[in-house]
Amino acid sequence: MSNKFKDIYKKSIEDPEIFWQEASKDIFWFKKPTKILNKSNAPFYKWFEDGITNTCYNALDIHIDQGNGKRTALIYDSPITGNKSKFTYEELKLKVSRFAGALGNQGVKKGDRVIIYMPMIPEAVIAMLACARIGAIHSVVFGGFASNELASRIDDSKAKVLITASCGFEPGRTVEYKPLVDEAVKQATHKIDKMILFQRPSHEVKLNAPKEVSWDEAVANAKEIDCVEMNSNDFAYILYTSGTTGSPKGIVRDIGGHIVALKWTMKNIYNINEGDIWWSASDIGWIVGHSYIVYAPLFKGCTTVLFEGKPVGTPDAGAFWKIISDYKVKSLFTAPTAFRAIKKEDPEGKFFSKYDLSRFESLFLAGERADPDTIKWAENLLKVPVIDHWWQTETSWAISSNCTGIEMMKTKYGSACKAVPGYDVKIIKSDKTIAKPNEMGDIVVKLPLPPGTFPTLWNADKRYKENYMSNYEGYYQTYDAGHIDEDGYIWIMSRTDDIINVAGHRLSTGAIEEVLSEHQSVAECAVLGIADKLKGQLPIGLIVLKAGVEKDNETISKECIQMVRDKIGPVAAFKIAIVIKRLPKTRSGKILRGTIRKIADNVEYKMPPTIDDPLILEEIKEDLIKNNILKSV
Ligand code: COA
Ligand code: AMP
């Protein structure tokens, strides 16, 4: 067996500065970095601190400079609206530099924050790249979040401008963005200066000038703008993600490390070369969309597909195969839930047989644990490697994967393969010692983290240090738990905080609990993620009412469900709220969420020795059976 992967990995861990300096030569710098890693203020490490570059230059201009301007950069395909379009690198650069000019006209300068709340349309990508071009920091907010979440991001980022569209389209439902944005703007204490709104054809909305301008008006007399020189450690973007408490964390990405790392991953992890056609079926509102719909494939000079549709229902379970076949996609990256949805609808792959997928080489899955059944089903159907890899918003690229561009490794079903070069992954046990092979514990990464990961949290250095870097001195705590086996394969088993993963979307049960607690009849509540065959996990709420409440339980449940939809958004997929008599607690008053989850998932559980009243668990079981969560046994 070849030692290629082993050797490269070893070099990356033993001498990260040499390793990443080498990788940094593959990107465009206005001024090459001479200082590769500054460790003087750990855990705030700085990569390439004296380098000068620009994200947009590396995504677009560089390819035109190299004579590849006529290559297709972006393919947009929207089975929901029937629209399709293609943009070469030259065309995309023109649109981006014009919109960069439009942003400048609206007063956006280097370092200003710009919120992007948009559906999966080319203008969303153009807006992101235009920000990068002028050094503005974008913060994309997923369209499935409600006004309240948008308002908290406006406030935290203190955004100057908000870019949105008249609407998004979900199967069977039009998402009217304007009322959502208006409500968010009203709720936010920080006031944005301007709103730029893209009017979707045949769905125009009224704008209130001069604060609100349409996209077309904004670009009408805008001049094209060149890339601004940016310091490597300036921020490219903020992406808010669910944290251990209700308030979202602003994950920031610095510019130089982001370009270097992401470009490196395209060949080494995904075996993708310049000019290859790549598709990431995610949403630009998530990290997978940031990194692998927009940035990494463009840094590499690939063609990237922007898909406004779903794996099923737009129009059928053959939608993915159609895109792969129509555009000769080489590799696809999506969440396992998408494949579970296709498998559920078309278990025998009848739709698959209608398309030519002869150019398709590999499928990458991430965002949640890929269950072996789904991987095997996909392997059988596609006859290509199906690769589960593990990563987080915090890192922006894979911590563990089969690095197919270096050396293909064998699959172990249920494992997310080995640590990727750059990541020194360890398991730490509850006694704070490093685990031996196959021993369970917290998964941590030895500092420094490689380039492209998060150097801090937006305006929250203290939270960064306390939350991620303090529990285990010298290590980044991933908040995932699992083990590493004797061959170095990593097994991600669970989260150690309140995060759940619903259809590959990261949600905080704490945030949902905060909303439920605001209901005037609710005395206390617990939200937990129960196993779900399609979405991986689903949130359920258990609610205890205040004494003397006269409303009926069903009304209260409905109100609670609506409150979560209104305050967090449809993405929470919160559809089950059960009124119960009491919650099981320890003698010191801690709710036994883990035990309730085990009961709901119908897996074995031990009676917690500290429980105040064991009978409550029987009551909960009965309530779950009554509500069809748990089958009667
Ligand atoms: N804007 C507004 N609403 C959105 C939205 C968006 N961009 N994305 C999802 N929603 C809404 C959905 O319409 C749904 O609303 P509903 O309660 O009115 O039906 C709700 O949020 C929940 O969405 P979702 O969890 O995606 O469920 P679904 O039943 O609509 O679809 C899948 C299920 C599996 C088909 C879908 O989750 C999917 O395609 N997943 C692919 C994986 C993926 O993109 N993961 C992201 C990270 S890699
Ligand atoms: P996000 O930040 O939204 O990408 O979510 C990151 C979390 O999703 C991780 O901390 C894991 O809990 C989970 N996750 C992502 N990829 C995988 C995977 N391949 N296997 C298991 N869990 C995963």
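Trainee: What radius of gyration does the protein have, with its 633 residues?

Mentor: This is a predicted model, where local features need pLDDT of at least 70, side-chain atom pairs count only at pLDDT 80 or more, and totals for chains, interfaces and linings use all residues. Residues are numbered from 1 along each chain as its sequence is written, and side-chain values use heavy atoms, leaving out hydrogens and water. Taken over C-alpha atoms, the globule rule is 2.2 Å times the number of residues to the power 0.38. For 633 residues a compact globule would be near 26 Å, and the protein agrees, with 24 Å.

Trainee: Thanks! What share of the residues count as buried?

Mentor: Buried means under 20% relative accessible area, with a 1.4 Å probe and protein chains only. Of the 633 residues, the share that counts as buried is 61%.

Trainee: How many disulfides does the count come to?

Mentor: A disulfide is a covalent bond between the sulfur atoms of two cysteines. Here the rule asks for a pair of cysteine sulfur atoms within 2.5 Å. By this rule the count is 0.

Trainee: Which cysteine has the nearest sulfur to Cys 417?

Mentor: Cys 417 is buried, at 5% relative accessible area. Cys 417 is in no disulfide, and the nearest cysteine sulfur, 7.6 Å away, is that of Cys 403.

Trainee: And how far from Cys 525 is the nearest cysteine sulfur?

Mentor: Cys 525 also counts as buried, with 5% relative accessibility. Cys 525 is in no disulfide; the nearest cysteine sulfur belongs to Cys 560, at a distance of 8.1 Å.

How values were computed: Chains lettered and ligands numbered in written order. Buried < 20%, exposed > 50% of the residue type's maximum accessible area, 1.4 Å probe, protein only.
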